[in-house]
Amino acid sequence: MVDATHISFAADDRSYFSLIKKEIHRLAIEAGMNAGRINELDLIVAEMTSNLYKYSDDGEILMGTFANAGSPYIELISIDNGPGMVNPARMMVDGVSTTNTLGHGLGSMKRLSDTFELYSQPGWGTIVLSRVYSDPEKLKADDDVIIRPIVVSKPGEKTSGDGFVYKKTDKYLKMMLADGLGHGPEANKAINEAAAAFKVFPDYSPTETLRFIHASIKKTRGAVINVVGYHYGEKKWSSAGIGNIAARMFGPVIFKSHMSYNGIVGHNIPNTMNDQQYPADEFNQVMLCSDGIKTRIDLAKYPLMYKYDLSVLAAAIYKDHARKNDDMSVIIAKVK
């Protein structure tokens, strides 16, 4: 089933921290995580919430579970708008603290995590990324294209009206971000039917994929959708979109916003559409956002972000641009 990739936990009240820890523990068990790794996950959550309490008034933790071809992992992302850090690398050294504590928190999280990154700016806040794999020895190697999604349901909804899915063949990768009209179960039904059609359509063309999905979801309330493909041999992105899914192609020196067609997939789409192509040597990354993310995104606000995991960039965009009154999605893919 296609749904939110991450669950948001408000970590701004110390009295809820034990509940957050218990819920993440429960979700990790459901995901099939190794019991020993879950115990380590508990310690990471305890350190994350403790740091948010000490340094921020509006902390948030995003928790995602990923199947990873039968070797599941948990992704935790801590987000705050606190004072930030002048020297993040120094703060990860054991014994360094600004609040007269032992100063072992960040170092402990790093040791317990299989992936750990910290991004911070003075006056902006801090993002901490931790991934814990059920079996670190089965850590899946990255493919030619790295994909990092953050999809979060509208606050108060139990299911997401946004949905992300991708498929790979020996010739190409193709991914889809869909936003069902409205919110809740009916919007989720629309994106799941779109995902089912996406998965069975055998051809590469994003435009023809959209036409096939359109014919397949006419009995739903419909969706706005963008489909992006990357062809390994041609080393090009191809993209086609209908409705207000924002797609941006960017590289080391230039970026370009992809123009979508007007319409609603499942109700009315243009008769004439074409795939737009972007060479990967100029545009090595693509970003897709639903309308739960404000579109005036300035990547220059995040210096040195190219050194970090794509999930950190997705979290930074979510932090600064999430509307919090809609389902929210940021998907970033990068050619290695």
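Guide: The axes of helix H5 (residues 184–200) and helix H6 (residues 206–216) come within 9 Å and cross at roughly 135 degrees. This is a predicted model, in which local features need pLDDT of at least 70 and side-chain atom pairs count only at pLDDT 80 or more, while totals for chains, interfaces and linings use all residues. Residues are numbered from 1 along each chain as its sequence is written, and side-chain values use heavy atoms, without hydrogens and water.

Visitor: Why are H5 and H6 called oblique to each other?

Guide: Angles under 35 degrees count as roughly parallel, over 145 as roughly antiparallel, 65 to 115 as roughly perpendicular and the rest as oblique. The crossing is at roughly 135 degrees, and H5 and H6 are therefore oblique.

Visitor: Which residues of H5 and H6 meet?

Guide: Glu193, Ala194, Ala197, Phe198 and Val200 in H5 meet Thr209, Phe212, Ile213 and Ser216 in H6; contact means heavy atoms within 4.5 Å.

Visitor: What makes aspartate 114 count as partly exposed?

Guide: Buried means under 20% relative accessible area, exposed over 50%, and partly exposed in between (1.4 Å probe, protein chains only). Aspartate 114 has 28% relative accessibility, and therefore counts as partly exposed. Aspartate 114 lies in the loop between helix H4 (105–112) and strand S4 (115–121).

Visitor: How do you know that the length of helix H2 is close to the expected one?

Guide: The expected span is 1.5 Å times one less than the number of residues. H2 (residues 35–55) has 21 residues and reaches 31 Å from its first C-alpha to its last, close to the expected 30 Å.

Definitions and conventions
Helices (H or I, at least four residues) and strands (E, at least two) are DSSP runs, numbered from the N terminus. Axes are lines fitted to C-alpha atoms, for helices over the stretch in contact, and angles run from 0 to 180 degrees between N-to-C directions.
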